[in-house]
Amino acid sequence: MILTKSLGEFKKAFESLPDKESIGFVPTMGALHEGHLSLVQSARKKCRHVIVSVFVNPTQFNNKQDLATYPRTLDADAALLEKEGADILFAPQVEDIYPEEDTRIFDLGGLDKYGEGPRRPGHFNGVAQVVTRLFDIVRPKYAFFGEKDYQQLAIVKYFTKALGYDIEITGCPIVRESDGLAKSSRNTLLTPEQRLAAPHIYKTICKARELKHTLSPQQVIEKIKEEIDSNGLLETEYIEIVDGTDLKPVTKWSDSDNPRLWCAVYARPVRLIDNIAL
Ligand code: AMP
């Protein structure tokens, strides 16, 4: 694997790839875990070459503290990717991605109206800025994103198509710890007590699959929220039940044939997100 830390280095490594028609791309912010590696494995199955980026994108952070404390572990990331058989690790500098301020505003098809959208203003526009910039540099045929960030996956699919990129977007299932907690780079920021409390999120949201037979979507949300918040270390920011395709709120079960519950929960100051199909 070639580790490249600038655009110049990346371009040189890119030129050495013999089959540019078969590039699979996995964009990440690093602090890699098995969730990320599952995307690399999917890419390897489908593509001759796999390029992974590690870039903590400042334009998608609306919280300065979150950006400052985001874990950065490039050496360990490189070792894991080498083992997974990635061809190139692209770990650019901010100036490589944003030689000047990126002022582009993207059409996100209204898919940012609920969920993370209103709680993290500008977040998905920042995601679109970095992903399009990376697509232009890496020029992949395939790109792989996790369902962990379900709304992001839907939004990436939307703007990839709307902007006419010839890139197939593949969504990969959520990889969880053995206690059910969705793997996340931010899990390393939890205190030992918070880490013990955090699986309560997934365990509780799974109960919605039973509750939906007797309660309305709103009642399910209230019940789940109450139960998550009954753990003193957790504090629900939001729980929503949306249609898995148009991402609009489901107010009655007949509204959707693939309802999805998504949530953000604080184990302060760490913010955890999760989602499941109902
Ligand atoms: P991040 O580094 O958090 O920006 O994530 C990079 C990519 O890995 C995104 O497409 C995420 O959805 C995906 N990802 C992160 N955690 C998981 C997980 N636990 N399971 C599957 N995919 C994940």
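Analyst: Helices (H or I, at least four residues) and strands (E, at least two) are DSSP runs, numbered from the N terminus. This is a predicted model, in which local features need pLDDT of at least 70 and side-chain atom pairs count only at pLDDT 80 or more, while totals for chains, interfaces and linings use all residues. Residues are numbered from 1 along each chain as its sequence is written, and side-chain values use heavy atoms, with hydrogens and water left out.

User: Where does proline 269 lie, and which residue does a cis peptide bond join to proline 269?

Analyst: Proline 269 lies in the loop between β8 (259-267) and β9 (270-277); the cis peptide bond joins arginine 268 to proline 269, with omega at about 5°. Another loop, between β2 (23-28) and α2 (34-46), holds alanine 31, whose phi is near 50°, a positive value in a residue other than glycine.

User: How are two packed helices described, and what is the case for α7 and α8?

Analyst: The description of two packed helices consists of the angle between their axes and the distance between the axes. Axes are lines fitted to C-alpha atoms, for helices over the stretch in contact, and angles run from 0 to 180 degrees between N-to-C directions. Helix α7 (residues 123-138) packs against helix α8 (residues 150-162) at an angle of about 55°, with the axes 11 Å apart. The two are therefore oblique to each other (angles under 35 degrees count as roughly parallel, over 145 as roughly antiparallel, 65 to 115 as roughly perpendicular and the rest as oblique). Their contact (heavy atoms within 4.5 Å) involves, among others, Phe124 and Phe135 of α7 and Ile155 and Phe159 of α8.

User: At what angle do α10 and α12 cross?

Analyst: The axes of helix α10 (residues 199-206) and helix α12 (residues 217-229) cross at roughly 155° and come within 9 Å, which makes α10 roughly antiparallel to α12. The contact is made by His200, Ile201, Thr204 and Ile205 of α10 together with Ile224, Glu227 and Ile228 of α12.

User: Which atoms or residues lie 2.9 Å from an oxygen atom of the ligand?

Analyst: A polar contact is a pair of N or O atoms within 3.5 Å; within protein, one must be able to donate a hydrogen and the other to accept it, and residues adjacent in sequence count only if both atoms are side-chain atoms. A polar backbone atom of methionine 29 is 2.9 Å from an oxygen atom of the ligand, and an N or O atom in the side chain of histidine 36 is 2.9 Å from an oxygen atom of the ligand.
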